[in-house]
Amino acid sequence: MADIIGHKKNIEFLKKSIQNKKISHAYFFYGPSHIEKSSVVELFSSMLLCENKSFCKKCKNCKHVLNGSHPDLLWLKEPEEMKIDRLRKVVKFFNLSSFSDSYKIVIIENAHNLNISSANSILKFLEEPPVETIIIFISNSFYDIPATVRSRCQVLRFSSPSKEEIKNGLKKTFKLKEKAIDEMIYLAMNRLRIVNEFAANPATINIFKNKINKIINFLDSNKRENKYQLFNYSSKTAIDDLNNLLIVIRFLILSKLNNSLINESILSNNLKKVSAKYTIKKLTTILDLIIRTRSWIEGNTNKKLAIANILINL
């Protein structure tokens, strides 16, 4: 497991919880996407299961965690795994005895995909948890999981690491020039996972810039039919397209505000021109609509209708 960049306050809180034996039966980790919340969850789970409670990486439990084979750790990562039948199996998993005489831990990524029925199926566990069982929900937004679930969890908010934290972390791992690092951080908007992908494979930077500039130039066009070329309606690609549009809208907001973070020399010269077409209120409305549409698509809503609703507002 590589060193985690940022999130020091939350990591320290979790370490002290273990040291003081004040561990909650349920946690809710939330914050922006791509900032490595899951890395902190992995570290926390590893420390709980480690025979030395330190993630020594040498004991049998640590080795099982590292290769993803620990029998007392169940990690649900895909949206389709949030169905009610799957969550009933989670409850069954908790009711089994621990193989390592330690905690049984379930991690649910994309917890925003929990619907009311799914949440209710796991609510009984949250109200009457078996001894030494822990469930960790990971989501991008505080309000994206039902309040009945949220209120029964220890809540930890995650923020994007600072630019300096990311730069220092990259310098330890990659041999990159200062200017290249600055460009990566800017394009990724401090989203750590994206920065790491850029650093590991610099060729992806130009591919990403071309996608973003294509969207900016389409928005600059007065031909509405051009905007329909922004999206591919296959499931995974539609989400990627929405994420790219989300990035562009955020760049437009920064440009509109003349934010010091904006560096228009890196992106299309049309960025400032396009931002002038919209009010801040309009851009914020579009931003919220993209986020909601992304959740709808992940929940199997009709993709073409959902995306058409965004295009009408562009």
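User: What makes the five strands an open sheet, and in which order do they lie?

Analyst: In this predicted model, the five strands follow the order β2-β3-β4-β1-β5, with parallel pairing. Strands are DSSP runs of E with at least two residues, helices runs of H or I with at least four, both numbered from the N terminus. Two strands pair if DSSP finds at least two bridges between them. At the edges, β2 (73-76) and β5 (154-157) each pair on one side only, and the sheet is open.

User: How do you know that β1 and β4 pair?

Analyst: Strand β1 (residues 26-30) and strand β4 (residues 133-139) share five bridges in the parallel sense, against the required at least two.

User: Why are residues of α10 called buried?

Analyst: Buried means under 20% relative accessible area, exposed over 50%, and partly exposed in between (1.4 Å probe, protein chains only). Residues of α10 that are buried include I205, F208, I212 and the charged K209 and D220.

User: Which conventions apply?

Analyst: Residues are numbered from 1 along each chain as its sequence is written, and side-chain values use heavy atoms, without hydrogens and water. Local features need pLDDT of at least 70 and side-chain atom pairs 80 or more, whereas totals for chains, interfaces and linings use all residues.
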